[in-house]
Amino acid sequence: MRILSGIQPSGSLHLGNYFAMMKRMIEYQENHELFCFIVNYHALTSVFDAEKLKKQTFEAICDFLALGIDPDKSYFYVQSDIPEVTELTWILSNVTPMGLLERGHSYKDKKAKGVPANHGLFAYPVLMAADILMYGANLVPVGKDQKQHVEMTRDIALKFNQIYGETFVIPQPDIPKNVAVIPGIDGQKMSKTYGNTIDIFAPKNELKKKVMSIVTDATPIEEPKNPDKCNLFAIYSLFLSKDEQKLLRERYLKPGLKYSDIKKELLEAIWKYFEPYREKRESLINDRQEVKKIMQKGADKARQVASEYLNKARKNVGINY
Ligand code: TRP
């Protein structure tokens with residue numbers, strides 16, 4: 001089975017990225033054909049600063065490598081290193097109904113949050129469809145917010161196949177229940193756009209600031225708390241086994257729990273969890289040449305699969321005369 005997903009370098013990578021996508025991808029590479037990439041073309045819809053985009057792309061690569069993506073076991077690459085994806089985007093655009101894109105939650109949300117509504121933002125799902133279809137992916141691990149985009153990809157692929165004959169694999173979204181939505185420090189979905197992230201490799205003082213500002217309710221200490229409505233509980237649970245989650249739940253249900261104590265524990269849990277990867281990340285960040293070499297190899301490997309599907313699409317629409 002071919003599994004594929006991409007991540008936007010629109011900011012430092014955070015716990016939401018890690019639990020919804022990165023961790024699962026790193027696990028999948030052991031038993032599946034895995035395509036994992038940094039979607040810098042997509043990030044152009046929200047990052048309008050070249051230096052920032054370059055830095056964030058490079059850091060996202062280093063984060064992934066440090067956390068365990070293995071370029072020998074997987075296809076690991078930067079989206080723009082295979083610029084042919086923009087050609088497929090154009091081809092797909094012509095079977096993508098306006099109405100489909102107009103119904104996009106993500107587009108409507110971002111517009112409402114003040115992201116400029118340009119054509120790139122509107123056509124974002126078509127580029128994402130090209131990302132997926134160009135590599136013949138069967139399964140796409142994403143957070144719940146991206147489910148609609150994968151459904152749009154299916155619609156686009158089905159329409160294309162119907163008009164031009166069997167060309168693309170129809171992919172499925174892969175959204176596990178327990179990590180479907182990872183809340184940020186304010187309780188909304190953790191997202192760079194909302195400024196509510198806890199970053200994976202933030203320095204400890206910054207991490208502390210973020211964890212301490214996780215919003216909790218005003219239940220007095222001497223009253224029981226509701227773990228199921230608590231943002232702090234949801235975030236902490238990501239770092240706990242089922243049994244540990246049960247114990248934490250019991251502490252919530254008994255009077256006397258102080259949210260600030262839980263926050264201190266969570267801070268240590270996060271720090272300890274990512275500790276083993278910090279050194280590797282640092283050394284990669286300081287070895288740009290080596291990282292570039294790795295990515296070049298990744299792009300060469302990915303391009304072979306990409307060109308197979310792109311050539312088929314070109315041929316089937318009649319672009320090659
Ligand atoms: N839109 C995805 C997100 O923001 C990123 C993405 C781009 C992606 N292309 C993809 C995810 C292809 C899966 C497959 O999370």
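**View 1. The interface between domain 1 and domain 2 in a predicted model**. About 990 Å² is buried between domain 1 and domain 2. Carbon and sulfur atoms give 68% of that area. Buried area is the accessible area (1.4 Å probe) that two parts lose on being put together, summed over both. Leu15, Phe19 and Ala66 supply 46% of what domain 1 buries against domain 2, more than any other three residues. In this predicted model, local features need pLDDT of at least 70 and side-chain atom pairs count only at pLDDT 80 or more, while totals for chains, interfaces and linings use all residues. Residues are numbered from 1 along each chain as its sequence is written, and side-chain values use heavy atoms, with hydrogens and water left out.

**View 2. The two domains and their contact**. Domain 1 spans 2–181 + 287–317, and domain 2 spans 201–282. These bounds come from an automatic or database domain assignment. The C-alpha centres of the two domains lie 31 Å apart. Domain 1 brings 10 residues to the contact, and domain 2 brings 10 residues (contact: heavy atoms within 4.5 Å).

**View 3. Polar side-chain atoms at the ligand**. Tyr124 places a polar side-chain atom 2.6 Å from a ligand nitrogen. For Asp131, the distance from a polar side-chain atom to a ligand nitrogen is 2.7 Å. An N or O atom in the Gln146 side chain is 2.8 Å from a nitrogen atom of the ligand. The protein covers 90% of the 370 Å² of accessible area that the ligand has on its own (Shrake-Rupley method, 1.4 Å probe).

**View 4. The shell around the ligand**. The ligand has 14 residues around it (a heavy atom within 4 Å). Gln8, Tyr124, Met128, Asp131 and Gln146 come nearest. The shell divides into eight nonpolar, five polar and one charged. Its largest share, four residues, comes from α7.

Notes
Polar contact = N/O pair within 3.5 Å; in protein donor to acceptor, adjacent residues only side chain to side chain. Helix = DSSP H or I, 4+ residues; strand = E, 2+ residues; numbered from the N terminus. Nonpolar A, V, L, I, M, F, W, Y, C, P; charged D, E, K, R; others polar.
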